[in-house]
Amino acid sequence: MRYSNFKHLILITTLLFTGYAVAEEDKYSPVREKLETCFACHGQNGASSMGAFPILAGQEFYYMYVQLKDMKKGLRESAVMGPIAASLEKSEMKLMAEFFSKQAWPETNYTVEAEQATAGKRVVGAGQCVACHLGDLRGNSRVPRLANQHPDYLLATMLDFKNGVRKNSPAVATLLKTFSEQELKDVSDYLSSYSE
Amino acid sequence: MLKQKEGGRATFVKVGLASLMMAIGSSAFADEEIERGTLFGDMQTVTQDMLDKSAGDSNNFLHTNGNYEQTRFYPAEQINTDNVHNLEKAWTFKMDVVDSLETSPIVVNGTMYVTSSFNHVYALDAKTGKAKWHYQHEMGPITTYCCGPNNRGVAAYEDMLFMGTLDAKLVALDAKTGKKVWETEIADPELGYSETMAPTIVNGKVLIGTNGGEYGIRGFVKAFDAKTGKLLWTFNSIPENSVGVWAENDATGLYMHRDIKAEKAALKKLGDPYKTLGGGVWQNMAIDRDSNRAYFVVGNPSPDLYGAIRPGDNLYTNSLVSVDLETGEKICHFQYIAHDVWDLDAVSPPILVPVTNDDGQTVKGVLHGGKTGYVYVHDAGDCSLIRHSEPMVMQRDRWVLPTKEGASMLPGANGGVEWSPMATDPGQGLAFAINLHQPMTYHVEETPYPDGKLWLGGAFKVIPTEEQWGNVTAVDYNTGKIKWKVKTQHPMIGGILATGGGLVFTGEGNGLFKAYNSSTGELMWQDQTNAGVNAPPSSYNVAGDQFIVVGSGGNAQLDYKRGNEIIAYKLAK
């Protein structure tokens, strides 16, 4: 099992947190109301079950915080999220990102044909994706988790990178531009069904 | 049995009972009886004298690269060409994190210190592999690193250990307990700074550089006071005037296709790019105690591939630099590649050895294994280049300029020699390097500084249809000729160790850990481990037995199978 002690840590933190929430004032109270609006699309606690809305539950804190800032600045263009991010203060973004990062990543159970998995794996090798997204493709800090994210969302955002719509990470955009749409589709399916 | 206290705390803790109790978590260990070891006399802590004499020390492994000269030559001969076939696993220790493993074990009087990804530190009984304590750095939420959550080890001095962290902090630990003594911020991780190298310690100064060449940092080497963590000096690896001499050829004399006219125009328009020019220093420095100087190499400019935005030679990126240890002031430098747009930075730790110059005189020399795949031989006095070796790896269209569609070149961006330290055998005049053959395409894209985000100015891509492999190469540094070269299945990353037993030890991505005859390259022994062996081996002696130790945990950058084992070997009885 990977990061076995981290998992314990998460368990302990969750237990502590649950206890804390009952006994003490809710840390997230300043954003509770706004969080409800996020749940409408991203699912309860960010555990989205719809392909167009990325899973936020268990995504990296710093990554999400930066995305919200980038969407507010327009570096990451999004018709849907742009106005939402624009209405948030930095302190709210931080709290919300923290809230979502502390939730458990939901089970998605995507599967993929062997042939496509092989094609996806080839893309992961050529792009050295694991050098940054790490061996389990779960990211860290400013690098997002890709494993078990919705394939529709992964493909959409990779195409946004490729087509210059998502401009907030030029290095990732340049890399993804070197792949064909079919390759990006293959890798999306591979990533969404990823298991260790 | 001896009971010794000072201010209510034990000052001496020796392997055995006391440490076991600590491992169990006794909080009141000050009151426990402490067994004082006899085998190694009174060498309870790491003195400056021990650090100075480490090159001849066949009990300990006190520095990341063996000694201040960084020769990675371990003098013990117990394990040698005649008996190495009897080498077998003595113990295996499993760490908590299964991820990229680049640690250099150091060994102090029978206690080994190793680290894992995400900055865990373990103290182990070097004889048995039993844990004495485990420290886990409390990582801040912001970490910015390029090539895996790696850590390459700790430095030891007196009764303390020092480690740089992924969130760009320097922590000092009590070597006996693993408790944190102090912590200080080295730089701001939001701007792309992070630490993976082990610090180097000399005369109470903790020296450490930084990663961040992929993020538009301004690189440095900093010296901190070992007792307090106070910053003593900073050497900026990028000077305010980074322009240089508009060099057209690299250190081997090969033309680099620079458009100097366009660069000069850009310089007028944009000014000196020093503030975000990169130049990380991410491996250890060699220390010359006689001249009180440090020698280190500086990494690539930012952004890696897009050069138009950073006109000039981009000093002191891709250079050997020597500074005064007292002040951090520069004494000399030598640039290998001016205005690099291929990420072929200088990173493998430099080595101080006597070398023969072109007049046949023996002078104090510095060796560096370049990502270009050459071993460079310098005069330590003024950093000048005496010679470079034959290329250890295949060269194809070197210095073709990156294009939008991607231009193919060898070496690839992971180089001919990556961060992997070389070893030397001064008696034979040989330097041993591990190499990569990894064809890549280099893509350029115009990119302004993205405020601390990844800044490559393009992309590197492995060419999946082309074969990749590695080599272990022995270079005669007094002639520049290759003495022997052995091909390996995969590109090599990790490091190598030479010993007085006529051997070199190094591991591969496929999990094989091998010993070669250091004068012929003949394979003498191998062991199959459970993950990629991509960390530098060390050697030490406990209770009369010589051990070889290495991490088997794979590598993020080259995607070699991850694991979590530290494995120690000794001769079968």
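Tutor: Leaving aside neighbours within four places in sequence, Ala568(B) is in contact (heavy atoms within 4.5 Å) with Glu88(B), Lys89(B), Ala90(B), Trp91(B), Tyr540(B), Phe547(B), Ile548(B) and Val549(B). This is a predicted model, in which local features need pLDDT of at least 70 and side-chain atom pairs count only at pLDDT 80 or more, while totals for chains, interfaces and linings use all residues. Residues are numbered from 1 along each chain as its sequence is written, chains are lettered from A and ligands numbered from 1 in the order in which they are written, and side-chain values use heavy atoms, with hydrogens and water left out.

Ala568(B) lies in strand E36, residues 565-571 of chain B, where strands (E, at least two residues) and helices (H or I, at least four) are DSSP runs numbered from the N terminus. Ala568(B) counts as buried because its relative accessibility is 0%, the classes being buried under 20% relative accessible area, exposed over 50% and partly exposed in between, with a 1.4 Å probe and protein chains only. Asn534(B), 34 residues from Ala568(B) in sequence, is 15 Å away from it in space, C-alpha to C-alpha.

In soluble globular proteins, nonpolar side chains tend to be buried together.

For comparison, chain A has 10 helices and 0 strands, and buried residues make up 53% of its 196 residues. Among the contacts in chain A with a separation of 6 or more, 69% join residues 24 or more positions apart. Chain A exposes about 9,800 Å², of which carbon and sulfur atoms supply 58%, with areas taken from the Shrake-Rupley method using a 1.4 Å probe and, for residues, only the protein chains shown as cover.
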